[in-house]
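Visitor: I would like to go through this structure and ask what stands behind some of the terms used for it.
Guide: Please start wherever you like.

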Amino acid sequence: ASLPAFNAFDAFAMMILILVVLAIHELGHLIGGFSRGMRFLLFIVGPFQWIKTSDGIRFSLVFNLGSFGGLAAALPDPDREFSPQMKRLVIGGPLASVLLTMVCVSIGMLLPGKPGFYFYFVGGFSFLIFLVTAIPFRAGGFMSDGMQLLELMRGGVGVEERQTIINLMMQSMAGTRPCDLDQNVIERMLKFESLDPMRQVIARFYAYLSKTDRGEQEPASR
């Protein structure tokens with residue numbers, strides 16, 4: 001059967017549906033993390049952002065192409081083992097996408113015409129998101145969900161790097177001044193030989209803030 005005729009409203013509707021698909025993928029990450037006791041930190045879909053601050057969860061508009069496709073983050077429970085929490089967080093996104101694909105394709109098979117096409121469109125785009133995120137790869141400072149999962153399963157230095165940086169972030173968000181951050185952790189973090197350039201930047205950023213706040217100008221400059 002031929003495709004139904006489309007108009008400007010259909011184009012707008014498809015843009016909204018793309019945001020819905022991205023939102024469900026990112027919500028999958030959060031739900032996976034919540035199931036292991038993690039706490040909400042950040043949720044971005046397109047230009048819409050929700051972020052946890054000291055004054056509660058705040059909504060704002062952001063126009064950063066780096067996060068336009070969607071981003072979700074949650075803070076681990078320090079009283080629980082780190083890796084299982086992160087694995088559930090990482091797996092949640094691709095799992096939500098593949099489940100959405102199965103549901104939408106099944107419904108699309110039952111509906112004729114344009115309604116059926118919409119469900120096929122959502123299912124197909126969701127499956128594309130699943131493939132793009134589940135395939136292990138690294139691009140600059142970005143690691144796909146599949147690559148993150150492999151790192152977590154291997155364990156070792158990569159997991160230690162991630163846990164150390166997240167712990168420092170949690171201390172800072174709790175109001176700890178840079179000068180009061182654990183200096184042994186700072187020094188250990190600087191010795192990491194990370195393959196992830198973003199972790200190298202974050203490690204040096206925290207070290208710089210800490211040394212500057214302590215008045216140690218020579219180490220801060222280094």
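Visitor: Which helix supplies the largest share of the lining of the largest cavity?
Guide: Helix 7 does, with four residues. The model is a predicted one. Helix 5 (157–173), helix 6 (183–190) and helix 7 (197–213) each give at least two residues to that lining.

Visitor: What makes this space a cavity rather than a pocket?
Guide: A cavity is a set of points where a 1.4 Å probe fits but cannot get out, whereas a pocket is an open set. The count by this rule is one cavity of 30 Å³ or more. The volume of the largest cavity is about 50 Å³. Its lining has 10 residues, and Met189, Phe192, Arg199, Gln200 and Ala203 are the closest to the centre.

Visitor: How many residues of that lining are nonpolar, polar and charged?
Guide: Five are nonpolar, two are polar and three are charged. Arg199, one of the residues closest to the centre, goes with the charged ones because Arg counts as charged.

Visitor: Why is the contact between Arg177 and Asp213 called a salt bridge?
Guide: The rule asks for a side-chain nitrogen of Lys or Arg within 4 Å of a carboxyl oxygen of Asp or Glu. The N to O distance in this pair is 2.6 Å, so the contact qualifies. Arg177 is in the loop between helix 5 and helix 6 and Asp213 is in helix 7, so the pair ties together parts 36 residues apart in sequence.

Visitor: Why are Arg177 and Asp213 called partly exposed?
Guide: Partly exposed is what falls between under 20% (buried) and over 50% (exposed). Arg177 has a relative accessible area of 47% and Asp213 has 26%, so both fall in between.

Visitor: What makes Glu151 and Arg162 a salt bridge?
Guide: Their side chains meet at 3.4 Å, N to O, and the limit is 4 Å, so the pair counts. Glu151 is in helix 4 (residues 145–154) and Arg162 in helix 5, 11 residues apart. Both residues are buried, which means that each has under 20% relative accessible area. Salt bridges with shared partners join Glu151, Glu161, Arg162 and Arg199 into one network.

Visitor: How do you know that Arg80 and Asp77 pair by the same rule?
Guide: Their N to O distance is 3.6 Å, which is within 4 Å, so this is a salt bridge too. Arg80 is partly exposed, at 45% relative accessible area. By this rule the structure has 11 salt bridges.

How values were computed. Residues are numbered from 1 along each chain as its sequence is written. This is a predicted model: local features need pLDDT of at least 70, side-chain atom pairs count only at pLDDT 80 or more; totals for chains, interfaces and linings use all residues. Side-chain values use heavy atoms; hydrogens and water are left out. On a 1 Å grid over the protein atoms alone, a cavity is a set of points where a 1.4 Å probe fits but cannot get out, and a pocket is an open set with protein on both sides within 12 Å along at least five of seven lines; lining residues have an atom within 4 Å of a point. Grid points are joined across faces, edges and corners, and a volume is the space filled by probe spheres set on the points. Buried means under 20% relative accessible area, exposed over 50%, partly exposed in between (1.4 Å probe, protein chains only).
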